[in-house]
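Biologist: I would like a close look at a single part of this model, with the criteria behind each term spelled out.

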Amino acid sequence: MAFDLEMIKAVYAGMGSRIEAARTAVGRPLTLTEKILYAHLYGGTVSQAFERGVSYVDFAPDRVAMQDATAQMALLQFMQAGKPQVAVPSTVHCDHLIQAKEGADEDLAIANAENKEVYDFLASVSNKYGIGFWKPGAGIIHQVVLENYAFPGGMMIGTDSHTPNAGGLGMIAIGVGGADAVDVMSGMAWELKFPKVIGVKLTGKLSGWASAKDVILKVAGILTVKGGTGAIVEYFGEGANNLSATGKGTICNMGAEIGATTSVFSYDEKMGDYLRGTGRAEIADAAAAVAAHLRADDEVYANPANFYDQLIEINLSELEPYVNGPFTPDAAWPISQFAAAVKEHNWPAKLEVGLIGSCTNSSYEDITRAASIAKQAADKGLTVQAEYTVTPGSELVRYTVERDGLLDTFAQMGGVVLANACGPCIGQWARHMDDMKRPNSIITSFNRNFAKRNDGNPNTHAFVASPEIVTAFAIAGDLTFNPLTDTLTTKDGQQVRFDEPQGIELPPRGFDVEDAGYQAPAEDGSGVQVLVAPTSDRLQLLEGFKPWEGTDLHGLRLLIKAQGKCTTDHISMAGPWLKYRGHLDNISNNMLIGATNAFNGETNSVKDALTSGTPYGAVPQVARNYKAQGIGSIVVGDENYGEGSSREHAAMEPRHLGVRAVLVKSFARIHETNLKKQGMLALTFANKADYDLIEEDDTIDILGLTTFTPGQPLQIRLHHADGDTDLITVNHTYNEGQIEWFKAGSALNLIRLKESGEAQLSQK
């Protein structure tokens, strides 16, 4: 079925005039990115051109999607906004809280029992406020969105950093924090700095072992984890038209790993095929009718260097499979060079586990390509040397591949099918291992491979590749094996080589499912009670943060000076902490426990200026000590601080525990916005070398807040223990509206103030 068809038709009906007005305002042909953005302005038709990377712009997304871990906090905030129903189509997807341990049925049953109060809360709050609810086991949010909600030329936001997956169907889909979702669900504008546009021209056609996954693995190697920051990546060219819609989704999904705002492809026949294959022929027909609006102008494709801020060209006919890692998704190794890299860096060559699936690579095409390799293991008499797991992306995919016998194929090679959920990709993995600190290697078809990301072991070397490459490595059990060229020894001693993988884009017999897992909300939710037990340690109703006191901030204590990579996983870990995502005080006990203290090289060990004797303590406890004494604190960080997922808990926890400012060399986009939304100061060193001036015993003043103005730097005075002081300049990117968030104490406080003001006016 096609959800929200009338809304989609309305978007298409207004696109032509809005795009023409934008073309006039800008004074040149438009990229696809610009067409979609200008067609979704909150104020309607454009009257002026916006400057890429400079102008803050208000947008009106078509829909919102939330996964269960982030939906809890987002919806707890929405409940405070005073709205009777969401203003745009919105959905909740229960995919993050299911731990992978034994297998799909057992793990799902355990999750339903252990997370009952959370699922009951999400179901009830969705029912009350008009939100579609996808039950546990229905699938991973991004795959479910691609199958049901994504549409060419649309715009959506989602409370997960891999929301860009929907770009595979030509949608501008952006990962955000929950406070952003609250804005849109409340009917307010959603603000974004107008992004730059990176063009990736794809020529040729994939063949053999090369897959869509290898496109983004190569791009990650080119742009690095921060090269896409502040930009939308737009793929185009003959090669793009040759990729399946789900292959495009894989590329867009993992664009989060280069820091991109999102990624997008123009509408083509492959998208139409996928829409029809998933029961949305009406949308395919509607998109085809406005196809000219769903691609860049001809002049852009003729001279792309004139229209993109950066241009990359990749010939798919020459593309090798890639393996990226370990510990960072931008360490890109062509398969022909990977074995040498393993030996050179002394990475554990023995492969212990291969894992396929996840939101990035769990389409029917992905499963069939991996299954074609798995079948060869049985047919050629090979014994699988590593553990092997399969995570289907949705019940629709799982049911269909089971019907078509593909799950039996994986079972023959000893594969374990996990629940339709995130599982090991986000650390929800009860891994069977003798020593959880032992150096070892795993390979996945997931998207991220930060230290501790999958299993909590800092010495697990996680590599990322396509599902078929992962499957071949799992059979070999050796990372120095090249499945394109090397042979393996069968049970009877023969040397055999893998044939190239074979995949099928869409099931020849069509998709099928008995229960997709969708639950529609009540038509009138006014009488629905939201279920939150006051004694719960999983859920906690929120209280608003205090407004700014109207003065400069004096006497702040340094909480931690984080050194090196500090992702949202370091700031607010997932894994076992996911259970507290709806309880701000409890989950705050994981704040910054993974960050490395620059002064002692340790994690979760910082100096407590108020404690004599043993002056070092856990980061959350030291923060609580300062807060209890009415002392604010400050966090200092390195480059690309807050890289990784969209989790706003990484901003809410410091805010809750009394942190007033985060000062870093540079921010990842989503995290900087999340800090602003929660009423915190997100600051960057004007001179990055000033990072070295921060000393462990410093007390810190933030000056210039009484005249806080866009574009005007602030100053920080460092009071050192020896009596010396340093005065440094710090920059910020706050606009007028964001400064109001700071003054009000949070963006949500401002929404509530406006809502109460409007209510008072209506009563008069």
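What distance separates the centres of domain 2 and domain 3, taken over C-alpha atoms, and what lies across the interface of domain 2 and domain 3?

Modeller: This is a predicted model, in which local features need pLDDT of at least 70 and side-chain atom pairs count only at pLDDT 80 or more, whereas totals for chains, interfaces and linings use all residues. Residues are numbered from 1 along each chain as its sequence is written, and side-chain values use heavy atoms, with hydrogens and water left out.

By an automatic or database domain assignment, the protein chain is divided into domain 1 (5–318), domain 2 (322–496) and domain 3 (553–756). The centres of domain 2 and domain 3, taken over C-alpha atoms, are 38 Å apart. Nine residues of domain 2 are in contact with 11 residues of domain 3, contact meaning heavy atoms within 4.5 Å.

The size of an interface is often given as the accessible area lost when the parts come together. For domain 2 and domain 3 this buried area is about 710 Å², with 54% of it on carbon and sulfur atoms; the area is computed with a 1.4 Å probe and summed over both parts.

The rule finds one salt bridge across this interface, a salt bridge being a side-chain nitrogen of Lys or Arg within 4 Å of a carboxyl oxygen of Asp or Glu. Asp 569 forms a salt bridge with Arg 453, and their closest N and O atoms are 3.0 Å apart. On the side of domain 2 that touches domain 3, the residues divide into three nonpolar, three polar and three charged, where Ala, Val, Leu, Ile, Met, Phe, Trp, Tyr, Cys and Pro count as nonpolar, Asp, Glu, Lys and Arg as charged, and the others, Gly among them, as polar.

Methods: Buried area is the accessible area (1.4 Å probe) that two parts lose on being put together, summed over both.
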